[in-house]
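The following exercises are to be worked with the sequence and the model in view. Each task is followed by a solution in steps.

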Amino acid sequence: MPNGGDARIVMADRCSGPPKEEEEAELNGVDNDVAADHYEGTEKLLEVWFRPQEGKHASIKCDLRNIPRQELSKLMVLVKCDIVSEMEDKDQRAYILSESSMFVSKTRFILKTCGTTMLLEALQALFELAEKYCHFEVEDIFYSRKNFLRPELQSNPYKSFEEEVRWLDEIFDCGAAYVLGRINGECWYLYTLDRRNVVQQPDQTLEILMTDLDPDVMALFVDTKEKDPKQVTKVSGIDKIIPQATTDEVLFHPCGYSMNGLFPNNGYVTIHVTPQAEFSYVSFESNVEMEDYSGLVQRIIETFKPGRFVMTLFANESAKCGSSFRALKETFLHTYRRQEKQFSQFKNYDLTFGHYVKDGLHQKPASVGVG
């Protein structure tokens, strides 16, 4: 188990759809050549908070990190991905997957998977593991994602958010589903529980999802066979985005990059790069506590130079940043133009969503009902 990450290259093809995606495409009635020429960088993101079951006293056993490693590996089989690297600190464990990342702390579980992975297939098994090894029950859940570039290449229920909502509503009797952004363009979907006063500890999460990346920046993440992941992290400037993080990074062969970082007080950061020009994509996510995210956002967009990006900030009532809307200042509008910025208030959180396009770039057309 590397502490701080052993530099490595994973021999997994992230430059086109892997064989399992081609098999699923055939089942879905999609031409295999089309599926093989595309890789969906956009991730499905699941965050679940747990609490001790009623009647069970909190103890050292009430900790998700008690779930054995082999059980987590079996869980990933359901999702259709593999654990390729891991690290830990005193607060949590971080796993790099063949398709993105997983984080496990005492009461919080985060799973983020790209490609045509089947993330929701893991839900029931996860709940059973949490009950068996931790005496836990679900406190709150967040399932979210940006619209897919090629939703028709996904398996059911991931072809549309409406199908995913129906799947989740079969499990939860108090779910609430939302969409922010343009239903005929770039948008972001969210499913959460309609409950009051759940997660009490301070919680704020920034996510930036970038497309149309600068080709010179993306060149760092292709032809990876002779490259050192740690060196790529430094040369790209990723190491300066959240410099206090201890990182574990992986380069995929022949292209692609994933990084997990941990820092004190249950802090995490994760970055994933799909570099090929036809569908370039970079995601950034972190729960780093800040009152003003201007400097961090500027470092991210200067590092990757996206043509377009979607940005979200979640903050609960105890979050250090206070209102997510005030914390997300648009200091970059001299080089990017705002397509929209939306603010939503829920029972326990508020959420700010923004969509931005670089000056000189045209808005991409999209069909109504994007996936």
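**Exercise 1.** Is Ala 176 buried or exposed?

*Solution.* The model is a predicted one, in which local features need pLDDT of at least 70 and side-chain atom pairs count only at pLDDT 80 or more, whereas totals for chains, interfaces and linings use all residues. Residues are numbered from 1 along each chain as its sequence is written, and side-chain values use heavy atoms, with hydrogens and water left out.

Step 1. Buried means under 20% relative accessible area, exposed over 50%, and partly exposed in between (1.4 Å probe, protein chains only).
Step 2. Ala 176 has a relative accessible area of 13% and is therefore buried.
Step 3. Ala 176 belongs to strand 8, residues 175–181; strands (E, at least two residues) are DSSP runs numbered from the N terminus.
Step 4. Leaving aside residues up to four places away in sequence, Ala 176 touches Leu 190, Tyr 191, Thr 192 and Asp 194, where contact means heavy atoms within 4.5 Å.
Step 5. Between Ala 176 and Tyr 191 there are 5.7 Å from C-alpha to C-alpha, although the two are 15 residues apart in sequence.

**Exercise 2.** Identify the side chains with which the side chain of Glu 249 makes polar contacts.

*Solution.* Step 1. Glu 249 is located in strand 11 (residues 246–252).
Step 1. Its relative accessibility is 1%, so Glu 249 counts as buried.
Step 2. A polar contact is a pair of N or O atoms within 3.5 Å; within protein, one must be able to donate a hydrogen and the other to accept it, and residues adjacent in sequence count only if both atoms are side-chain atoms.

**Exercise 3.** State where pLDDT stays under 50.

*Solution.* Step 1. pLDDT is the predictor's confidence in each residue, from 0 to 100.
Step 1. The chain averages a pLDDT of 89, and 86% of the residues score at least 70.
Step 2. Over residues 1–7 pLDDT stays under 50, and the model has 23 contacts beyond four places in sequence for them.
Step 3. Where pLDDT is low, the predicted coordinates should not be read in detail.

Notes. Helix = DSSP H or I, 4+ residues; strand = E, 2+ residues; numbered from the N terminus.
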